[in-house]
Amino acid sequence: HSLPAGVPSQSEEVLAKWGYRDEDGEGYDAGLEEEYGKHIKALREYTDTASDDVNKEMRSCPPAFDCLSPRSKAYLQRIEEVLADAPPFEKPVDVYRSLHSLDPGTMSKMLAAAQELHDVGGEWSMPSLTSTTLDPGKAIGTFGGDDKKSSIVFKIKAKTGLYAEPLAGAK
């Protein structure tokens, strides 16, 4: 497979297990669709249409997520099953995510909280399923919105996850 540099071997192994096969980064082995098609379908649906609604609900009632609609609960369960199939990384992987359109007060509080956690070696958790990228520039362009003054880019040392871009619905 010709996956980008920085993709952990675990992700490559999971994608191979699911039937990801194209050297140009497209497609998967239809012969494995019956067994792993539910994972591929869950990722495609989530990244294409479901993420905004599901994450909005998740942010309103963490950590129990007891306010989720039945549809969002089903998506969350399916994505958790997908991620459970991916083993932890051998070592942390640098990935990037930005948040955008933040009002100045929210941005200040978020930066202060992140700095405090960073200073003591703490871990930050976001009450949502969060897409990231290996490319910091893409984090700004894809997740950053139009107003760069109201955006924050996080460099995350991910311990778990899955490189899902070849299978994602949104490109």
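A: In this predicted model, the buried residues of helix 3 are S72, Y75, L76, I79 and V82. Viewed along the axis of helix 3, these buried residues lie within an arc of 120°, so they line one face of the helix. An α-helix has 3.6 residues a turn, so residues three or four places apart point the same way. On the face of helix 3 turned away from the buried side are the exposed residues P70 and A84.

The length of the helix can be checked as well. Helix 3 comprises 15 residues, 70-84, and at 1.5 Å a residue it should span 21 Å; the C-alpha atoms at its ends are 21 Å apart, in agreement with that expectation.

The loop between helix 2 (33-59) and helix 3 contains F65. Although F65 is not a glycine, its phi is positive, at about 55°. Most residues other than glycine have a negative phi. With a relative accessible area of 18%, F65 is buried, since the cut-off for this class is under 20%.

The model also has 1 disulfide, which joins C61 to C67 with an S to S distance of 2.1 Å. The link of C61 and C67 is left-handed, with -75° about the S-S bond. Its two cysteines fall into separate accessibility classes: C61 counts as buried because its relative accessibility is 10%, whereas C67, at 37%, counts as partly exposed.

Methods. Residues are numbered from 1 along each chain as its sequence is written. This is a predicted model: local features need pLDDT of at least 70, side-chain atom pairs count only at pLDDT 80 or more; totals for chains, interfaces and linings use all residues. Side-chain values use heavy atoms; hydrogens and water are left out. A disulfide is a pair of cysteine sulfur atoms within 2.5 Å. Buried means under 20% relative accessible area, exposed over 50%, partly exposed in between (1.4 Å probe, protein chains only). Helices (H or I, at least four residues) and strands (E, at least two) are DSSP runs, numbered from the N terminus. The expected span of a helix is 1.5 Å times one less than its number of residues. The arc is that of the directions from the helix axis to the C-beta atoms.
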